[in-house]
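Trainee: I'd like to go through this one label by label and ask where each comes from. Can you put it up?

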Amino acid sequence: MRDLNTYSDGLNEIDLDFKYITGSLIINEITTTSVSLDFDITSMALQPTSYVITYQRLLSDGVTNDGSSQTITTTSKPAIVTGLTAGRIYKFSVTAYRGSQYGNTLIYPAYQLSNPGFSGSAIAAELDPKKVTPGKSYFTLTNNSTTGKEYALAYRTFSAIFLPSETIVNYTGDDGVVDSAANYSTNYYSFGTNIIMDSIEKSPKQGAGLGFFVGANGTSGYFIMIESTASSVSQDRKSIRIVKVNGKNIKVLTDSQRSAESTFDGIYGGRTYSIDVKVKIDAGTINIIAYINGFKITATDKTDLSVAKGLQKILAPTERVALLSTKGTTAFDYVYGSNINKKKYDDSNYIVNSYQGQFSNDTLNMSFGEIIYDGYQKDDIVTKRGIGIDEFGTVVREIFKATAKFTSEVAYPIKWSTGDNKYAKVLGYKISNFGAEAYVLNNTSTTIPLADGEAASFYIFGNTIGPSGTLEYNTEDPGEYVPKEPVIFESNWLQSESDVKSLADWIKTKVVNRGKVVYMEVFGNPLISVGDIITITYPYQGLAVGNTSKFIVTNVNHSYEMGLETSIVCRSL
């Protein structure tokens, strides 16, 4: 009987075999002429010491070798392959070695590198904001590919995005083979855009989206994809998906859309959809909170090298944000990306859209009680904090001033609110007991209702102050032998019994019982004189042990009848 864990056929050692030969090789482009190859080794029983990489350039049919084949050896993973030709198709294979022993071969049959320019309908290209003219036209992407697997994509780097620190941690398989992955320090981010798809008359099947942590050449990243209902229904999938793209591998992340009530439905062309995303990265976990016109969808991605079918790692964070069109033509109003703090990430009411009071040079100056709109600031807030936003569309964002005077009782206002209307934002406001005023920003490039009695609303909320019922409170009797000093206090402004009690006790302890005068006769003591400070312990007068009070002597008399007696008059300090 042979032990299959140690059996080898010649130099071919099955303990160095990859568990899945097809589909487990992850390819990511570094540039248009270089790639990284990653693969899972935790299913092996022996620890590899090197890897042999073979890559062959293929003809346009994606099958035939054009005669170009090269082999390299590396001792680490991911393996880096350079010197490739942009736009060409390659076949990659990997074999694990331990000395002269080797296992089976992991194969990626055909991978096409990206072209260096944005010259096709399904090619990633870096977006140069200097080539986009703000205020004249939207930024548009068109995808006419019929394969359903190619996307028109444009991306750019935002300097307002700061990457977390990285540490390498080891994972051990069942047989002791060690593989490694990256863990990251805790950081929080926000990303977003506003998309306008073509009208349904032109093309009922349309799709677009937003990507973050996008890799080189746009070949990897996390994407929020929106498809028109006509398109998603025809392919039996949700209208909104959170997708992880790793090279040519695409995985739809499990999200919170698990019932009819928690699923966003009804995506139509010719309408505007805002995508706002909050992201938390912590060690080997990425938490994603996406808002589509305010509708919340969540998903999580985790590093796990013990999954059934090979490698499972979170994508490395990058400063790149991408816009994409999956079908038809999509216009983009703006795009933003930046770090946020933990408080903003945890706050469910925090709207991550950078237009919420964080745009251009425009500010509201509320100094000296006056609200002044200033569009000519020399120091750009956005520029100071790093490039975090691009504007494209015909953007004239109106600021509306609202004024209100209260006609009922004296009020206690709290704040202005736009309710569920995500297209309007209160930039600044002043409130008083008798009135309020606010400045409201239109976040879109079109006319929106500020309040229409339905979805859009604009109001100020708070409490009114009115007369309450009579609230009476008598302080406790200080004691049988304590002189009573009745004091009655009435007020129309106390709104609760606890306030009444607090005020009565304060008056009793701080006012009424201040300045006690004590008359007493004691054994003769000629040493006591006017001005002396004495202490008295007398429980019947509330002067118990441990609660003594200091008194100043104001009068002293001595008498002699059957012995010397002293009469003292003193006042509390």
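Trainee: Let's start with S93. Which residues does S93 touch, leaving out those up to four places away in sequence?

Mentor: S93 touches V52, I53, T54, T105, L106 and I107. Keep in mind that this is a predicted model. S93 itself belongs to strand β8, residues 89-98.

Trainee: Why is S93 called buried?

Mentor: Its relative accessible area is 14%, and buried means under 20%, so S93 gets the label.

Trainee: And how many of the residues are buried across the protein?

Mentor: Buried residues account for 41% of the 573. The fold has four helices and 34 strands.

Trainee: What makes F191 and F213 an aromatic pair, and why edge-to-face?

Mentor: The ring centres sit 6.0 Å apart, and the limit for a pair is 6.5 Å, so they count. The planes are at 85°, and over 60 degrees is edge-to-face, so that is the name. The structure holds 17 aromatic pairs.

Trainee: What does the F191 and F213 pair tie together?

Mentor: F191 is in strand β14 (residues 178-197), while F213 is in the loop between β15 (207-212) and β16 (220-227), so the pair links parts 22 residues apart in sequence. F191 and F213 are also members of one aromatic cluster, together with Y189, F212 and Y222.

Trainee: How do you know that F213 is buried?

Mentor: Its relative accessible area is 1%, and the cut-off is under 20%, so F213 is buried. F191 is buried too.

Trainee: Is A283 buried, exposed or partly exposed?

Mentor: A283 has 27% relative accessibility. Buried needs under 20% and exposed needs over 50%, so A283 is partly exposed.

Trainee: What makes R156 count as lying over the face of F158?

Mentor: R156 is 4.4 Å from the ring centre of F158, and the distance limit is 6 Å. The definition also asks for a position within 35 degrees of the ring normal. K278 lies over the face of Y345 as well, at 5.9 Å from the ring centre, against that 6 Å limit.

Trainee: Which is the peptide bond from K77 to P78, cis or trans?

Mentor: Cis, with omega near 0°. P78 is placed in the loop between β6 (65-74) and β7 (79-81). Most peptide bonds are trans.

Trainee: Where is confidence lowest, and where is it highest?

Mentor: Strand β23 (residues 363-365) is lowest, at a mean pLDDT of 42, and strand β5 (residues 50-58) is highest, at 92. The mean for the protein is 75, with 71% of residues at 70 or more.

Trainee: Which stretches have pLDDT under 50?

Mentor: Residues 129-136 stay under 50, with 16 contacts in the model beyond four places in sequence. Residues 354-385 stay under 50 too, with 61 such contacts. Where pLDDT is low, the predicted coordinates should not be read in detail.

Key: Residues are numbered from 1 along each chain as its sequence is written. This is a predicted model: local features need pLDDT of at least 70, side-chain atom pairs count only at pLDDT 80 or more; totals for chains, interfaces and linings use all residues. Side-chain values use heavy atoms; hydrogens and water are left out. Rings of Phe, Tyr and Trp (its six-membered ring) pair if their centres lie within 6.5 Å; planes under 30 degrees apart count as stacked, over 60 as edge-to-face and the rest as tilted. Helices (H or I, at least four residues) and strands (E, at least two) are DSSP runs, numbered from the N terminus. Buried means under 20% relative accessible area, exposed over 50%, partly exposed in between (1.4 Å probe, protein chains only). pLDDT is the predictor's confidence in each residue, from 0 to 100. Contact means heavy atoms within 4.5 Å.
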